[in-house]
Amino acid sequence: MSNVYGILKWSVLLVALLMVGLWMGGCFAPVHGPYGKFSPTDIGPCNVRTLDIDGQPTTIMELMTDRLTYTAADGTEWIAVKGTLTDGASIPSVALSFTGDKFSAPFLKAALVHDAYCPCFIKDQCPEQYHKRSWREVHQMFRDACIAGGTDVRRANLLFAAVWICG
């Protein structure tokens, strides 16, 4: 039992150090550059709901705008349709102390578009594009969309690392 505890402790420490290093180092992309744009720029209020996911009450937000499009710097369009659900930044709580609330405005739109392609909370309400792109593409899009939405590069890198490792 103590061996498992030791491995777990060192694994958590390694992940924490990696995340802090990525955040401090500003890795993955230059600080300046095109990161794409959202349309519309203002999505208005989202419907807040609580779902029972794996026996835990989980707060989610539902996109009420007809369509949210993130157009990446290379012209690729990523779409979240009305009814897309997100649990915000689904990262470890320790990382939230560096990034802010899981529904922070600078990365809420990125989380909505990300979750249109990844997690699906209610299987019969999944957008058509669910799992149509690789997880690597989706996670990279999330990072760039965070920056396009107003998240600073280091914080976006931390979010990206947390999603990559724990997502």
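Mentor: Strands here are DSSP runs of E with at least two residues, and helices are runs of H or I with at least four, both numbered from the N terminus. The model is a predicted one. In this numbering, Pro 40 sits in the loop that links strand 1 (37-39) to strand 2 (47-53).

Trainee: What is the peptide bond from Ser 39 to Pro 40, cis or trans?

Mentor: That bond is cis, and its omega is near -5°.

Trainee: How many helices and strands does the protein have, and what pattern do they follow along the sequence?

Mentor: There are five helices and six strands. Along the sequence the pattern reads α-β-β-β-β-β-β-α-α-α-α. Of the 167 residues in the protein, 40% are buried. Among the contacts between residues at least 6 apart in sequence, 61% join residues at least 24 apart.

Trainee: Why is Arg 67 called partly exposed?

Mentor: Its relative accessibility is 42%. Buried needs a value under 20% and exposed needs one over 50%, so what lies in between is partly exposed. Arg 67 therefore counts as partly exposed.

Trainee: Where is Arg 67 found, and what does Arg 67 touch?

Mentor: Arg 67 belongs to strand 4 (residues 67-71). Leaving out residues up to four places away in sequence, Arg 67 touches Ser 39, Pro 40, Glu 77, Ile 79, Ala 80 and Val 81. Ala 80 is 13 residues from Arg 67 along the chain, and their C-alpha atoms are separated by 5.8 Å.

Trainee: Which residues does Thr 71 touch?

Mentor: Thr 71 is also in strand 4. With residues up to four places away in sequence not counted, Thr 71 is in contact with Gly 36, Lys 37, Thr 76 and Glu 77. From Thr 71 to Ser 39 the C-alpha distance is 8.0 Å, at a sequence separation of 32 residues.

Trainee: Turning to the helices, how do you know what span to expect of helix 4?

Mentor: Helix 4 (residues 135-148) has 14 residues. The expected span is 1.5 Å times one less than the number of residues, which for helix 4 comes to 20 Å. The distance from its first C-alpha to its last is 20 Å, close to that expectation. After helix 4 comes Gly 150, with a positive phi near 115°.

Trainee: Why is Ile 147 called buried?

Mentor: Ile 147 has a relative accessible area of 13%. The cut-off for buried is under 20%, so Ile 147 is buried. Ile 147 is in helix 4, whose other buried residues include Val 138, Phe 142 and Cys 146. Apart from residues up to four places away in sequence, Ile 147 touches Tyr 35, Val 153 and Ala 156. Pro 106 lies 41 residues from Ile 147 in sequence and 7.9 Å away in space, C-alpha to C-alpha.

Trainee: What makes helix 3 count as mostly covered?

Mentor: Of its 13 residues, 11 are buried. Among them are Leu 108, Lys 109, Leu 112 and Asp 115.

Trainee: Why are helix 3 and helix 4 called roughly antiparallel?

Mentor: The axes of helix 3 (residues 105-117) and helix 4 cross at roughly 160° and come within 8 Å. Angles over 145 degrees count as roughly antiparallel, and the two helices are therefore roughly antiparallel to each other. The crossing of helix 3 past helix 4 is right-handed.

Trainee: Which residues meet where helix 3 and helix 4 are in contact?

Mentor: From helix 3 these include Phe 107, Ala 110, His 114 and Tyr 117, and from helix 4 they include His 139, Met 141, Phe 142 and Ala 145. By class, this contact has 11 nonpolar, two polar and no charged residues.

Methods:
Residues are numbered from 1 along each chain as its sequence is written. This is a predicted model: local features need pLDDT of at least 70, side-chain atom pairs count only at pLDDT 80 or more; totals for chains, interfaces and linings use all residues. Side-chain values use heavy atoms; hydrogens and water are left out. Buried means under 20% relative accessible area, exposed over 50%, partly exposed in between (1.4 Å probe, protein chains only). Axes are lines fitted to C-alpha atoms, for helices over the stretch in contact, and angles run from 0 to 180 degrees between N-to-C directions. Angles under 35 degrees count as roughly parallel, over 145 as roughly antiparallel, 65 to 115 as roughly perpendicular and the rest as oblique. A crossing is left-handed if the near helix is turned anticlockwise from the far one by less than a right angle, and right-handed if clockwise. Contact means heavy atoms within 4.5 Å. Ala, Val, Leu, Ile, Met, Phe, Trp, Tyr, Cys and Pro count as nonpolar, Asp, Glu, Lys and Arg as charged, and the others, Gly among them, as polar.
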